[in-house]
Amino acid sequence: MKKILITILLFSSFSVWSETGELANVNNIDIWWEGYGDKSNPPVLMIMGLNANCRYWDQEFIDEIVNDNFYVVTFDNRDVGKSTLFGEEPFVMKVLGFMPSFIQEYLINALIDMTLDEEGGFRMDEEPSTEAVYDLGDMALDVVGLLDHLNIDKAHIVGVSMGGMIAQVLALDHPERILTLTPVMTTPGFDTEGLSGPSQSFMEAMKKSFILNLDGRNEDASVLIQMAQTGSRFPPKESEVREKVKRIESHGNNPYNLQTAAVGASPNRLNRLKEIRLPTLVVHGSEDPLVPLEHGLAVAGQIEGSEVMIMEGIGHELPIEFIPELTNRLVSHFNSINN
């Protein structure tokens, strides 16, 4: 193992070019990244969430920011897309696949119910796990390494969901690399006292999607989850959601990634958020069924001088119809450091 690590370190600046992006060897792993716009413009680095590769970002969203004279960088977090993968199919999944459907459904319902505590919030260990392969701190170091690889001293950081958690860790441990901070539909920690958990309807969708995945209907499972995350303002069209899911899956994914374990292995950030002294805009949907609005408000409440943008009628999503309004606010936030 030591020889392998030494070899990796020796080739830490090695890059593999592709027609659509590039692999960069940073933090001892490969990170797939893509850049848009003029590199001489101020950089905006966007961090995607749990189980999500960089194709989750709609091109319309990227283009709007680029058209406002910014250089946008997206990338695959470790364990998804074309970046280094860690998680493999667990033995229990293989066993479940051979069981009758009624037993599968019973066990999956029981397992998912066990992830929630008595108040309906996600059950977290009292002490972060030391057995996880990596945590959010490692993922934040991936971002630092990517910035170094791109010769970017500081960037505007936009993090969505788990990406917003990584952005918080980055702001706490590496604030010198950030121009402005934008945590989107995220949380200071699912174990934060007094914050509610996911909606019952979303948890039911999770159970159904699990069954669909076991049945080999991965696309249907992803479509179900995507639609379950939406709010009432922009009702989703299944055909459009399905096309987006196909786009995401075509880039490559890892359904058995260890990112959920990484979140669980990371300490709650609520009290430390007071240390952040960066221009911060917290963005959150008023109808988020996965990470309720109060989580975003808790983040904002701990960061002195932070601003809040509540996306009315929007769930755990960034609808294309809302992109002009969102990008206008983001660009104003980015430019605030020049005023």
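Is Arg272 buried, partly exposed or exposed? At 33% relative accessibility, Arg272 counts as partly exposed (buried means under 20% relative accessible area, exposed over 50%, partly exposed in between, with a 1.4 Å probe and protein chains only). This is a predicted model, in which local features need pLDDT of at least 70, side-chain atom pairs count only at pLDDT 80 or more, and totals for chains, interfaces and linings use all residues. Residues are numbered from 1 along each chain as its sequence is written, and side-chain values use heavy atoms, with hydrogens and water left out.

**View 1. The protein chain as a whole.** The chain holds 12 helices and nine strands (DSSP runs numbered from the N terminus: helices are H or I with at least four residues, strands E with at least two). Of its 339 residues, 49% are buried. Among contacts between residues at least 6 apart in sequence, 75% join residues at least 24 apart (contact means heavy atoms within 4.5 Å).

**View 2. The salt bridge of Arg272 and Glu275.** The closest N and O atoms of Arg272 and Glu275 are 3.1 Å apart (a salt bridge is a side-chain nitrogen of Lys or Arg within 4 Å of a carboxyl oxygen of Asp or Glu). Glu275 is partly exposed, at 47% relative accessibility. The whole structure has 16 salt bridges.

**View 3. The salt bridge of Asp142 and Arg78.** The two side chains meet at 2.7 Å, N to O. Asp142 belongs to helix H5 (residues 136-149), while Arg78 is in the loop between S5 and helix H3 (91-97); the pair links distant parts of the chain, 64 residues apart. Asp142 is buried, with a relative accessible area of 2%, and Arg78 is buried as well, with 6%.

**View 4. The salt bridge of Arg233 and Glu325.** Here the closest N and O atoms are 3.5 Å apart. Arg233 lies in the loop between helix H8 (218-228) and H9, and Glu325 in helix H12, so the pair ties together parts that are 92 residues apart in sequence. Arg233 is partly exposed at 36% relative accessibility, and Glu325 is partly exposed at 41%.

**View 5. Helix H2 and its cover.** In helix H2 (residues 59-67), the buried residues are Phe61, Ile62, Ile65 and Val66. They are on the same side of H2, because they cover an arc of only 130° around the axis (the arc is that of the directions from the helix axis to the C-beta atoms). Their cover includes strands S3 (29-36), S4 (43-47) and S5 (71-75) and helix H12 (323-335). Just after H2, Asn69 has a positive phi of about 70°.

**View 6. Pro289 in its loop.** Pro289 is located in the loop between strand S8 (281-285) and helix H11 (293-302). Pro289 counts as buried, at 9% relative accessibility. Pro198 is 91 residues away from Pro289 in sequence, yet the C-alpha atoms are 5.4 Å apart. Leaving aside neighbours within four places in sequence, Pro289 has contacts that include Pro198, Phe202, Ala228 and His316.
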